[in-house]
Amino acid sequence: MDALAPNALLPAPQVNRARPEGPARLLFLALVWIAAASAASAASAFLIGVVVGAHNANHNLTHTWNVSPIYSILLMLVMADVVLVLAGWGRGEIVGDGDARAGLGLGPIRRPGLLLLFATVGEALIFAWAVLLFVLLKPAQTDVLSTLFKAAPTAGTVVQGVTLLCAVVLSPIWEEFFFRGWLWTGLRRYWGRLPVMFATAIPWLLLHSFDGLLRPLFLIPAAILLSLAREYCGGTRASLTLHVLNNLIAMVLVIFVAPLAHG
């Protein structure tokens with residue numbers, strides 16, 4: 001009797017699946033989101049200037065506000081980091097067909113022994129490379145992050161805490177979610193591991209040129225290490241672990257080693 005039911009001869013309903021985004025669109029969207037985060041960051045600093053200027057214009061000189069540039073820098077960093085963390089998670093849901101964790105590559109860590117090797121030998125090589133470049137090149141420590149890190153020890157608890165939050169938590173999270181997360185997952189559907197490593201590492205390196213033109217040169221070994229962890233150790237949890245460790249080392253270099261090299 002079921003074979004004679006009215007709906008038995010109707011075609012099965014078609015499931016509309018979104019067509020996977022191609023490599024060009026994935027890379028374009030990455031640029032769009034980075035530009036949007038940069039705009040939000042600049043707008044936050046502009047807003048501070050407007051508020052402080054409006055206040056000072058309506059008060060005498062004894063009641064003016066004097067806001068240190070450090071606070072503006074921190075607000076800009078936090079704003080950009082938050083926007084890109086949210087963007088990475090949202091793009092992860094799209095690339096993962098509704099599953100953000102799959103789109104971001106947030107699987108369990110595999111090959112813990114290999115990850116431990118990366119965390120010891122690899123980070124030691126990164127540290128040695130950075131020290132060597134500091135000694136040979138003696139780069140001027142005038143970029144945004146160097147200024148912020150050097151000011152943090154004497155700028156108070158709030159600045160120290162927010163600086164640590166940005167450098168060791170927010171920045172590694174958004175960078176891994178963004179470059180080695182959804183972008184990696186999307187590109188990996190079309191390309192092999194080596195092209196994807198280059199396609200995600202190069203924009204990551206170029207983005208750090210805003211911290212100084214020589215900074216990408218310092219980060220080349222880190223880009224290789226993070227890519228290897230992403231590919232061979234289970235995903236972004238592994239690369240994020242190394243990224244946090246790498247940023248801690250970078251803070252030590254900027255705050256303690258760089259002044260010795262210039263001395």
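A: Let's start with Cys233, which is buried because its relative accessibility is 0%. Here "buried" means under 20% relative accessible area, "exposed" means over 50%, and "partly exposed" is in between, using a 1.4 Å probe and protein chains only. Cys166 counts as buried too, at 3% relative accessibility. The structure holds 0 disulfides, a disulfide being a pair of cysteine sulfur atoms within 2.5 Å.

A quick word on ground rules: this is a predicted model, where local features need pLDDT of at least 70 and side-chain atom pairs count only at pLDDT 80 or more, while totals for chains, interfaces and linings use all residues. Residues are numbered from 1 along each chain as its sequence is written, and side-chain values use heavy atoms, with hydrogens and water left out.

Now for helix α6, residues 157-188, where you'll find Glu176. Helices are DSSP runs (H or I, at least four residues), numbered from the N terminus. Glu176 has 0% relative accessibility, so it counts as buried. Its side chain makes a polar contact of 2.9 Å with the side chain of Arg180. A polar contact is a pair of N or O atoms within 3.5 Å; within protein, one must be able to donate a hydrogen and the other to accept it, and residues adjacent in sequence count only if both atoms are side-chain atoms. Leaving aside residues up to four places away in sequence, Glu176 also touches Gly181, Leu226, Thr236, Ser239, Leu240 and His243, where contact means heavy atoms within 4.5 Å.

Trp204 is one of the buried residues of α7.

What about rings meeting rings? The whole structure has 6 aromatic pairs; rings of Phe, Tyr and Trp (its six-membered ring) pair if their centres lie within 6.5 Å, with planes under 30 degrees apart called stacked, over 60 edge-to-face and the rest tilted. Trp89 and Phe177 make a tilted pair, because their planes are at 45 degrees, with centres 6.1 Å apart. Trp89 lies in helix α2 (residues 69-95) and Phe177 in helix α6, so this pair ties together parts 88 residues apart in sequence. Trp89 is partly exposed at 32%, whereas Phe177 is buried at 10%.

Key: Helices (H or I, at least four residues) and strands (E, at least two) are DSSP runs, numbered from the N terminus.
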